[in-house]
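Here is a brief report on one model. It moves from overall form to single residues.

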Amino acid sequence: MITAIEQGIVTRLREGLGEMVKEVNTYGGELEDIGQILRALPGLWVTFKGVTACKPVSLSRRKWRVTGD
């Protein structure tokens with residue numbers, strides 16, 4: 001489930017930011033190489049803490065509104 005959320009965030013950011021950024025990727029241990037971080041600056045880190053609420057938005061309960069931090 002976390003992988004699906006992570007990929008959804010990455011996809012949405014890629015679509016929304018378009019040509020304004022060089023790349024959008026998931027974390028893959030880059031903090032271990034300070035040189036790689038400095039070459040990529042400026043940068044932005046997005047974090048997802050977890051789902052905080054889940055409520056049905058249709059009578060059939062097939063669609064849900066999920067809130068997360």
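## Burial and surface

Buried means under 20% relative accessible area, exposed means over 50%, and partly exposed lies in between, with a 1.4 Å probe and protein chains only as cover. By that rule, 6% of the 69 residues of the protein count as buried. The protein exposes about 6300 Å². Carbon and sulfur atoms supply 56% of that area. Accessible areas come from the Shrake-Rupley method with a 1.4 Å probe; for residues, only the protein chains shown count as cover.

This is a predicted model: local features need pLDDT of at least 70, side-chain atom pairs count only at pLDDT 80 or more, and totals for chains, interfaces and linings use all residues. Residues are numbered from 1 along each chain as its sequence is written, and side-chain values use heavy atoms, leaving out hydrogens and water.

## Overall form

The protein has two helices and two strands. Their order from the N terminus is α-α-β-β. Helices (H or I, at least four residues) and strands (E, at least two) are DSSP runs, numbered from the N terminus.

Along the principal axes, the C-alpha atoms fill a box of roughly 50 × 25 × 15 Å. Contact means heavy atoms within 4.5 Å. Among contacts with a separation of 6 or more, 10% join residues 24 or more positions apart.

Helix α1 covers residues 2-17. Its 16 residues should span 22 Å at 1.5 Å a residue, and the end C-alpha atoms are 22 Å apart, so the two values agree. The expected span is 1.5 Å times one less than the number of residues. After α1 comes G18, with a positive phi near 55°.

I9 lies in α1. Its relative accessibility is 30%, so I9 counts as partly exposed. Beyond its neighbours within four places in sequence, I9 is in contact with V46 and F48. L44 is 35 residues from I9 along the chain, and their C-alpha atoms are separated by 13 Å.

## A nonpolar patch

Which residues make the nonpolar surface patch of about 470 Å²? They are I2, F48, V51, W64 and V66. Patch residues have over 30% relative accessible area and no salt bridge; like charges are joined within 9 Å, and nonpolar side chains (Val, Leu, Ile, Met, Phe, Trp, Tyr) within 5 Å. A salt bridge is a side-chain nitrogen of Lys or Arg within 4 Å of a carboxyl oxygen of Asp or Glu.

V51 lies in strand β1, residues 51-56. V51 counts as partly exposed because its relative accessibility is 44%.
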